[in-house]
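The text below follows them through the structure shown here.

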Amino acid sequence: ASSFQPEQARVPSALPLPAPPLTKFNIGLCQLSVTSDKKRNISHAKKAIEEAASKGAKLVLLPEIWNSPYSNDSFPVYAEDIDAGGDASPSTAMLSEVSKRLRITIIGGSIPERVGDRLYNTCCVFGSDGELKAKHRKIHLFDIDIPGKITFMESKTLTAGETPTIVDTDVGRIGIGICYDIRFQELAMIYAARGAHLLCYPGAFNMTTGPLHWELLQRARATDNQLYVATCSPARGSGAGYTAWGHSTLVGPFGEVLATTEHEEDIIIAEIDYSVLEQRRTSLPLNKQRRGDLYQLVDVQR
């Protein structure tokens with residue numbers, strides 16, 4: 001087996017799984033209805049976060065594009081200057097205030113971000129001190145055309161992000177992706193090789209791909225990398241131009257669905273136990289069995 005050179009299957013070599021700040025905690029997944037009223041969307045998200053925290057959540061995950069309708073027409077109108085903060089970004093100002101007041105970590109779903117003449121689909125991570133710890137711009141834009149089913153081109157308005165995002169928080173090392181990012185297993189593998197305990201994907205899969213692929217992809221990313229995967233979708237809106245599949249979910253490192261919901265508004269509270277990661281990796285030692293003599297995953301930015 002040593003001739004397989006498993007340590008060379010990751011370039012640079014995979015980092016050891018770091019000791020997390022805590023072993024067990026509750027995560028809250030807030031599946032929210034989204035309207036055209038931005039102020040309402042922000043206050044609604046705030047109440048949901050507060051409810052999740054009151055039920056014991058130390059980490060709260062919001063959906064993709066929770067402050068705006070999901071459409072190319074809406075993105076420029078609802079976009080915020082996150083770096084400027086304050087009145088220029090009321091959505092992230094709320095996340096910062098709530099995370100600090102409740103002493104929780106928030107993976108802030110995603111919102112349209114304006115930077116000069118560019119727009120991004122951006123996820124902000126706030127620590128329990130209220131500080132912005134990371135900002136992930138959706139790397140893989142949702143450009144698809146399934147005849148007779150759905151056509152959507154995010155690239156008409158949005159610019160692709162350039163950087164994978166992994167962040168150390170009070171609840172462990174977390175890799176961030178947004179919706180379509182989940183389809184690209186290389187990104188998840190890079191996060192695993194950087195020592196992630198958990199992958200979080202705010203997403204809004206649609207009524208065509210959702211039933212077929214949403215749960216499948218979550219379970220695949222968790223199983224392949226032997227870590228937790230959490231997703232959060234908007235609730236399914238009536239009369240919305242883009243209809244979300246819903247089904248926010250937490251998947252364990254053996255590919256098991258630990259908690260999920262249907263398509264209506266809901267708040268899921270579920271336990272994450274990081275001690276299970278080592279158990280699974282010892283029982284099924286994939287990292288020691290990779291064929292570094294045959295293939296490599298290259299983390300270009302590391």
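A network of salt bridges links Asp83, Glu113, Lys135 and Arg137 in this predicted model. Side chains of opposite charge can pair when their charged atoms come close. Across the whole structure, a search finds 15 salt bridges. The protein carries 32 positive and 35 negative side chains, and the centres of these two sets lie 2 Å apart.

Lys38 and Glu80 form a salt bridge, with 2.8 Å between the closest N and O atoms. Lys38 belongs to helix α1 (residues 38-54) and Glu80 to the loop between α2 (75-78) and α3 (90-102), so this pair ties together parts 42 residues apart in sequence. Glu80 is buried, at a relative accessible area of 2%. Glu50 pairs with Arg101, where the closest N and O atoms are also 2.8 Å apart. Here helix α1 supplies Glu50 and helix α3 supplies Arg101, 51 residues apart. Glu50 is partly exposed at 27% relative accessible area, and Arg101 is partly exposed at 41%.

Within helix α5 (residues 210-225), Glu215 and Arg219 are 4 residues apart, or about one helical turn. Their side chains meet in a salt bridge of 3.8 Å, N to O.

As for the overall fold, the protein has 6 helices and 17 strands. Its radius of gyration is 19 Å, close to the 19 Å that the globule rule gives for 302 residues, so the protein is as compact as a globular protein of that length. Of the 302 residues, 52% count as buried.

Terms used: Residues are numbered from 1 along each chain as its sequence is written. This is a predicted model: local features need pLDDT of at least 70, side-chain atom pairs count only at pLDDT 80 or more; totals for chains, interfaces and linings use all residues. Side-chain values use heavy atoms; hydrogens and water are left out. Helices (H or I, at least four residues) and strands (E, at least two) are DSSP runs, numbered from the N terminus. The radius of gyration is taken over C-alpha atoms; the globule rule is 2.2 Å times the number of residues to the power 0.38. Buried means under 20% relative accessible area, exposed over 50%, partly exposed in between (1.4 Å probe, protein chains only). Lys and Arg count as positive and Asp and Glu as negative; His and the chain ends are not counted. The place of a charge is taken as NZ of Lys, CZ of Arg, CG of Asp or CD of Glu. A salt bridge is a side-chain nitrogen of Lys or Arg within 4 Å of a carboxyl oxygen of Asp or Glu.
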